Amino acid sequence: MTPTYFHRYTLKARDRLNAVTGQTEFAGALIRRGDGVGCLHPWEALGDASLEAELSALRSGQPLALGERALECAREDGRARRGEYSLFRGLDLPRCHATLTRPSEEAFEEAWAQGFSRFKVKARPDQQQLDLALAGISRLPPEARIRFDFNEEGNVHFLTLWLSRLSREQKARIEFLEDPFPYEDPRDWREFHGRMRIPLALDQHLRDAVRGESQVGVIKPAVENPPKILAQHPQIQDWVVTSYMDHPVGQAYAAWWAAHLDQSYEWGETFHGLATHQLFEPTPFSEELHMMGDRLIPPKGTGLGFNELLDKLPWKLL
């Protein structure tokens, strides 16, 4: 068997990243098998196995869910590195949304000035926070839209009351609500959408979903196989590919999938979640990533890039 190597890392968030945890330091590992690299970045707060469990499973030759995806990343990356070409050759990276952890008016205006027109807010069932976000988006031109991601921390009663008091103009600014409340009974999602007429995006339980209860699908290549998910949900027409808020290697893998899928499926223009390096303190890897307006510029090098930085890491045999 080809040996596997690993390198541990820690990312430090600039702020709280979602509604389910106040954690600001996140441990993960890069893996290297043959010529390719992948990323393991578990989110235990969202139900993932621990990093130690993932590494142990890889060591035993029976990888868990994230380990399988990291190995698939390494296979794709390795093929390109052996062929001495970039995985991004011939691909145009799609546009991204800006992820705002503190939705102040200044944050919206700053992101708009950078070139973003879609804004994802890590939301809580907190009327003050949500109203502040709508006030921020309302200061921007009409084409600006907002996406609220509740990580299943909302509830039907609160969201129904909040949406019912919004004006037509305010509702028009909301592109979708992502994981607005727990996905327990699909009928709740269908009924809520039927009453509120706001598109719903399904992320955490996309693999478990049945047809008809969400209008948008959120694909995380670090977690699931994109073609399988697309085949499972032919009724969903709008898709968003996002990173797992992980290492820039994982972020680049998500960006490659987003560009590949946009080209393969000829979707209309969409906005993906690929600019997540901005949520963390800078590292040598994140400094290799740049934005041109709301588009991520692919890192230089073969495969997923980062050649020199990867070669300098003190890899250890798993």
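The model is predicted: local features need pLDDT of at least 70, side-chain atom pairs count only at pLDDT 80 or more, and totals for chains, interfaces and linings use all residues. Residues are numbered from 1 along each chain as its sequence is written, and side-chain values use heavy atoms, without hydrogens and water.

Start with the rings. The whole structure holds eleven aromatic pairs. Rings of Phe, Tyr and Trp (its six-membered ring) pair if their centres lie within 6.5 Å; planes under 30 degrees apart are stacked, over 60 edge-to-face, and the rest tilted. Phe26 and Phe280 have ring centres 6.4 Å apart and planes at 90°, so this pair is edge-to-face. The pair links distant parts of the chain, 254 residues apart. Phe26 sits in strand E2 (residues 25-33), and Phe280 in the loop between strand E12 (271-272) and strand E13 (290-292). Helices (H or I, at least four residues) and strands (E, at least two) are DSSP runs, numbered from the N terminus.

Phe285 and Phe306 form a tilted pair, 5.4 Å centre to centre with 50° between the planes. Phe285 lies in the loop between E12 and E13, and Phe306 in the loop between strand E14 (295-297) and helix H10 (307-312), so the pair ties together parts 21 residues apart in sequence. Phe285 is buried at 7% relative accessible area. Phe306 is buried at 3%. Elsewhere, ring pairs link Phe181, Tyr183, Trp189 and Phe192 into a cluster.

Now the cores. In soluble globular proteins, nonpolar side chains tend to be buried together. A nonpolar core is a set of buried Ala, Val, Leu, Ile, Met, Phe, Trp, Tyr and Cys residues joined through side-chain atoms within 4.5 Å. The largest one has 95 residues, of which Phe119, Phe148 and Ile174 touch the most other members. Helix H9 gives the largest share of this core, ten residues. Ile174 touches Leu134, Ile146, Phe148, Trp162, Leu163, Leu166 and Ile198, leaving out residues up to four places away in sequence; contact means heavy atoms within 4.5 Å. Another core of five residues lies apart from the largest one, including Phe176, Val216, Val218 and Val240.

On a 1 Å grid over the protein atoms alone, a cavity is a set of points where a 1.4 Å probe fits but cannot get out, and a pocket is an open set with protein on both sides within 12 Å along at least five of seven lines; lining residues have an atom within 4 Å of a point. Grid points are joined across faces, edges and corners, and a volume is the space filled by probe spheres set on the points.

The largest pocket holds about 460 Å³. It is lined by 29 residues, and Leu46, Gln204, Lys220, Val223 and Tyr244 are the closest to its centre. The second largest pocket holds about 370 Å³. Its lining has 15 residues, with Thr99, Leu100, Thr101, Ala107 and Gln278 the closest to the centre.

Two cavities reach 30 Å³ or more.

Conventions:
Buried means under 20% relative accessible area, exposed over 50%, partly exposed in between (1.4 Å probe, protein chains only).
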